[in-house]
Amino acid sequence: NTLGTVLTTTLLGWECKRVVMCGMIGSRNGLVEVPYVEAPVDARKLASACARVQPIDSTIDVWCIPGVMCQKEAGVGLGAEDVMRGEETQLIGCNEILKQSKGDRVVVLPGTHNKWALMRNGMLVRFWTFMTGEVFGVLRNHTILSRLMTTKDNNTNDDDDNKKETTATQRSPPPAFLQGVQHAKSVKGGLLNHLFSVRTHGLFNHLEPSELEPYLGGLLQGTDINDALTLPGVRDAIQSGDPVLLVGGTTLCEQYATALKAFGISSQYMGDTACTGLKMVAHELLKLPIAPLTAIRNPSVSAGEALEAKKNKSALQEFKSAMATMPLVAILRGITTDQVVEVGEALVEAGFTVIEVPLNSPNPFESIRLLAKALKGRAVVGAGTVLTTKDVDAVAAAGGTLIVSPNTNVEVIRRTVELGMVSAPGFQTPSEAFTALEAGAHALKQFPAVGSAAAILKGTMAVLPKGTLVLAVGGIKNLETMSPFWAVGARGFGLGSAL
């Protein structure tokens, strides 16, 4: 009720039919919970996954931007999974300057939970969260380290997001802050031990009580930077020579500019780019079809039905789970719309968990739509013989989550990944396999699997990254034809005419 009243009174006299919001308003504790979408993302993907609500006592549509999740392989970087809400909009808002970059750019958003992000051509590729700000608050206020501290006004972490400064170095943090940064830079590790130096510096009067707080902040931020430089792609992007972009309020960005400079890293202050990001998503929303207005309390209505997150479970997770349950893909080449649901139900009853409709079948997108609706939650549904990015978009609009191609088309693979779907392109040679994986493919389809294909696959598997999922397709008829491929490492098969 309150939001509807605020919107109506605040926007009185405006020709406003739509409001776009980001951040925790789309969280479990907000207006409505909007499922996370998986990186990489751009403004278009965020718009396609927005949730549309209409508050009580309001005729204005409210579109809540989803949060973003980032999955990383186990053992890579500093964690297996990350999430953000609100920062994705700030990152997309950096697009104007990022469009001028040829390679990856590093963007840092200092705050309670610092975000280090890699951006590529205006797209958020991956990110990592550091609890630097929250740890500072706990140590500063609730541990033995705080007992010797006193605070001066210029040492606080209060931020003023409304300042119009164009650089993050107009006010320098206290010298003790830089001393903490240099300490972290010199030791590289052992934070739990080095934190105690905050107390000993106070006990032995190496630092004044008012200097202990900025020293602690510098120690934590220096450790933050040390750790971030070990993340995949971050150091390479920084060494390209482009400055690190700092997004957020002035005080923390000033501190990070000083800390980065101590590491020999240049930076550029961007301010808070959330408004620019909101505008970009709003423009993308205008390109999407609008569902009839409905007054909604809970839950939300997705703006892009095909990209609607499935109970926070990503398409890739569903595909991996499905293949682990039954490593066979049912290929329904030539299926018609009047048969497809009945056949799909029979396949699921028989144990199949992945179904593919080749696009050279009659009315394939309608068949995919019918299957996706009928088998939701029971089987992964996608398309085969996908040759263009236009086909990828059409499959997404129909509700498919799997894109299978007979060839290695980098543009098709990248578009599939952008839309949060699973990519399984075809290959025969190691060069094609590596090209597909570098473009973001989640699985590889050896096609056709005839003749000496198993012997060729044996050599290819020896050089592919460990854990690469390879499916043998084309010529697979029974266990006898599967066995040679399974023996050399294939862990999935496509069945077409043999069904």
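Throughout these legends a residue is called buried under 20% relative accessible area, exposed over 50%, and partly exposed in between, with a 1.4 Å probe and protein chains only. The model is a predicted one, in which local features need pLDDT of at least 70 and side-chain atom pairs count only at pLDDT 80 or more, while totals for chains, interfaces and linings use all residues. Residues are numbered from 1 along each chain as its sequence is written, and side-chain values use heavy atoms, with hydrogens and water left out.

**View 1. The aromatic pair of Trp-486 and Phe-493.**
Rings of Phe, Tyr and Trp (for Trp, its six-membered ring) pair if their centres lie within 6.5 Å, and planes under 30 degrees apart count as stacked, over 60 as edge-to-face and the rest as tilted. By this rule the count comes to one aromatic pair. The centres of the Trp-486 and Phe-493 rings are 6.3 Å apart and their planes lie at 25°, so the pair is stacked. Phe-493, at 2% relative accessibility, counts as buried, whereas Trp-486 is partly exposed, with a relative accessible area of 40%.

**View 2**
Helices (H or I, at least four residues) and strands (E, at least two) are DSSP runs, numbered from the N terminus, and two strands pair if DSSP finds at least two bridges between them. Strand β4 (residues 61-64) is covered on both faces, with Asp-61 and Trp-63 buried on one side and Val-62 and Cys-64 buried on the other. Strand β1 (residues 18-21) runs parallel to β4 and is joined to it by four bridges, and Arg-18 stands opposite Asp-61 in this pairing. Strand β3 (residues 51-53) pairs with β4 in the antiparallel sense over three bridges, where the bridge partner of Arg-52 is Trp-63.

Strand β5 (residues 68-71) runs antiparallel to β6 and is joined to it by four bridges, with Gln-71 opposite Glu-81. In the loop between β2 and α2 (43-48) lies Pro-40, and the peptide bond from Ala-39 to Pro-40 is cis, with omega near 10°.

**View 2. Charged ends over aromatic rings.**
A charge sits over a ring if NZ of Lys or CZ of Arg is within 6 Å of the ring centre and within 35 degrees of the ring normal. The charged end of Arg-85 meets this rule over the ring of Tyr-36, at 4.3 Å from its centre. Lys-445 has its charged end over the ring of Phe-447, at 4.6 Å from the centre of that ring. The peptide bond from Phe-447 to Pro-448 is cis, with omega near -10°, and Pro-448 lies in the loop between β19 (443-446) and α19 (453-461).

**View 3. The open sheet of five strands.**
This open sheet has the strand order β9-β8-β7-β10-β11, and its pairing is mixed. The edges are formed by β9 (123-130) and β11 (267-271), each with a single partner strand, so one side of each is left without a neighbour in the sheet. From one strand to the next the twist averages 25°. Strand β8 (residues 114-120) and β9 pair in the antiparallel sense over seven bridges, and Lys-115 stands opposite Thr-129.

**View 4. The packing of helices α14 and α15.**
Axes are lines fitted to C-alpha atoms, for helices over the stretch in contact, and angles run from 0 to 180 degrees between N-to-C directions. Helix α14 (residues 340-350) packs on helix α15 (residues 364-374) at an angle of about 45°, with the axes 9 Å apart. Angles under 35 degrees count as roughly parallel, over 145 as roughly antiparallel, 65 to 115 as roughly perpendicular and the rest as oblique; α14 and α15 are therefore oblique to each other. In the loop between β13 (328-331) and α14 is Leu-332, which counts as buried at 7% relative accessibility. The C-alpha atoms of Leu-332 and Ser-367 are separated by 10.0 Å, although these residues are 35 apart along the chain.
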